[in-house]
Amino acid sequence: MDLIVEAAGRLFFGSGFARVSMDDLARELGMSKKTIYRHFPDKLSLLAAVLDRQFAAVERTLVAATEDAAGQPFAVRVQRFLIAAGGELGRIGAPQLATGRGDAMLRRYVEQRVDAVVYRRLDELFREGHRQGLLPAPSELLCEITRGALERLLMSELPRDLDWTAADLLRATVDTVLYGAIRPTGQGIDDEQPQAVIPTARDDEQEVGP
């Protein structure tokens, strides 16, 4: 069954879900469609298995990043989570699948999985910061801003145009959001806020690793 899911993932993501038939998959695997249908009753159930496998790997990475950052300052925890999330979403091409061309059912499925695996966790992290008095803005707003920046950045030509890696720009985006939103405990909303700090990967002292 794992062999079928692996081959289906290659074909679905390479050619597009709508363009790949079960006949194509059977030829790729050198087996009959009957054998495939013994494990998966239809193409949609096979797609679900492919995406479940992809997002299970994403979830493992995010859980590990969260555990590694436990006990760190709030800003570091958010940075490490978002950098890990950006790397994983970029690896599986989730933003392109969810918002680009292709099968509408595939886009909806990917959107639902990204919400469940990534953005619900991010929203909870921001809610925690808000409860601690670190975030003056509503956690829902910060999650939407960060989500839009992350997805746009992963599809952007900016890394090439600015001669930065996508990780450099993600780190800068995270710091801009965080340093523009976080205030020290006890500081009022109307008090002066710290200025955003835009690091580069060329400054090793400021780099926060995943």
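Reader: Why is S139 counted as buried?

Author: S139 has 5% relative accessibility, so S139 counts as buried; the term means under 20% relative accessible area, with exposed over 50% and partly exposed in between (1.4 Å probe, protein chains only). This is a predicted model: local features need pLDDT of at least 70, side-chain atom pairs count only at pLDDT 80 or more, and totals for chains, interfaces and linings use all residues. Residues are numbered from 1 along each chain as its sequence is written, and side-chain values use heavy atoms, with hydrogens and water left out.

Reader: What makes the pair S139 and E140 a polar contact?

Author: Their side chains come to 3.4 Å. A polar contact is a pair of N or O atoms within 3.5 Å, one able to donate a hydrogen and the other to accept it within protein; residues adjacent in sequence count only if both atoms are side-chain atoms.

Reader: Which helix holds S139?

Author: S139 is found in α8, residues 139-154. Helices are DSSP runs (H or I, at least four residues), numbered from the N terminus.

Reader: How do you know what span to expect of helix α7?

Author: The expected span is 1.5 Å times one less than the number of residues. Helix α7, residues 104-131, has 28 residues. Its expected span is 40 Å, and α7 reaches 38 Å from first C-alpha to last, which is close.

Reader: Where does α7 bend?

Author: At D115, by about 40°. The bend is the angle between axes fitted to the seven residues ending there and the seven starting there.

Reader: What follows α7?

Author: Just after α7, G133 takes a positive phi of about 80°.

Terms used
Helices (H or I, at least four residues) and strands (E, at least two) are DSSP runs, numbered from the N terminus.
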